[in-house]
Amino acid sequence: TPIKSSAASDVYKRQRKVITEHSTIGVVLTTDGSITQIDREDYVEAEERVVRELKEQGKPFVIVLNSTHPNDAETLALAMSMQEKYDATVRAADVMQMSAAEFYDLMELVLMEFPIRMVHVALPEWISALDPEHWLIQRIMEPVNAASKQLARMRDYAKLTESLSGIDGFEAPLVKRCLLYTSDAADDLI
């Protein structure tokens, strides 16, 4: 039975209120069409709207592509295409069969969608005695500055570690700590 337009409008208003006023994070649950008798195409418009609204609100979110066959090549290809389309993390899963560990992995993915507010690169104290124009400081700061332009979400920290790993004579950096519970989330790198 088709939903009457006024009922659909009420559902939309309630969803929008939840997104704008009550949610901190979002998990967009959609499907490849294998879960119900509803075709995939019938989910796309609502999916696009919810993703757009979450982005407009700046809410960290992930998309779960619910499927009875989450590891099939076709499902994984759809997840990749959605990831490119929405510039968001998409996880293919059979939600009814998810284990606690898979659920925790999903929550970790959501945490990695929070914005990076600050990155702190920890260096040995003796380096601070050098002039900011010293060749060694420049050798470190150039890749940091280049990578910082690409950092937006916590998941982007790998771009910084890759950039720092490219400095000859330096050990690969590692994330020492992520502070997700403050307004100024930070990565400490060694």
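Analyst: Two strands count as paired if DSSP finds at least two bridges between them. Strands (E, at least two residues) and helices (H or I, at least four) are DSSP runs numbered from the N terminus. The model is predicted, with local features needing pLDDT of at least 70 and side-chain atom pairs 80 or more, while totals for chains, interfaces and linings use all residues. Residues are numbered from 1 along each chain as its sequence is written, and side-chain values use heavy atoms, without hydrogens and water.

The sheet is open and has 3 strands, arranged β1-β2-β3 with parallel pairing. At its edges lie β1 (26-31) and β3 (90-93), each of which pairs on one side only. From one strand to the next, the twist averages 25°. Between β2 (residues 61-66) and β3, 4 bridges are formed in the parallel sense. Within this pairing, Leu 65 has Ala 92 of β3 as its bridge partner, and Asn 66 stands opposite Ala 93 of β3.

Helix α2 (residues 41-57), in turn, lies across β1 and β2 and runs at about 165° to β1 (0 to 180 degrees between N-to-C directions of axes fitted to C-alpha atoms, for helices over the stretch in contact).

Helices α2 and α3 also pack against each other, at an angle of about 45° and with axes 12 Å apart. From α2, Val 44, Glu 47, Glu 48, Val 51 and Lys 55 meet Met 82, Lys 85 and Tyr 86 of α3 (heavy atoms within 4.5 Å). The residues of this contact comprise 4 nonpolar, no polar and 4 charged (Asp, Glu, Lys and Arg are charged; Ala, Val, Leu, Ile, Met, Phe, Trp, Tyr, Cys and Pro nonpolar; others, including Gly, polar).

A further pair is α5 (residues 135-148) and α6 (residues 157-165), whose axes come within 9 Å and cross at roughly 155°. The two helices are therefore roughly antiparallel. Their contact joins Ile 140, Pro 143, Val 144 and Ala 147 of α5 to Lys 159, Leu 160, Ser 163 and Leu 164 of α6. Here the division is 6 nonpolar, 1 polar and 1 charged.

How values were computed:
Angles under 35 degrees count as roughly parallel, over 145 as roughly antiparallel, 65 to 115 as roughly perpendicular and the rest as oblique.
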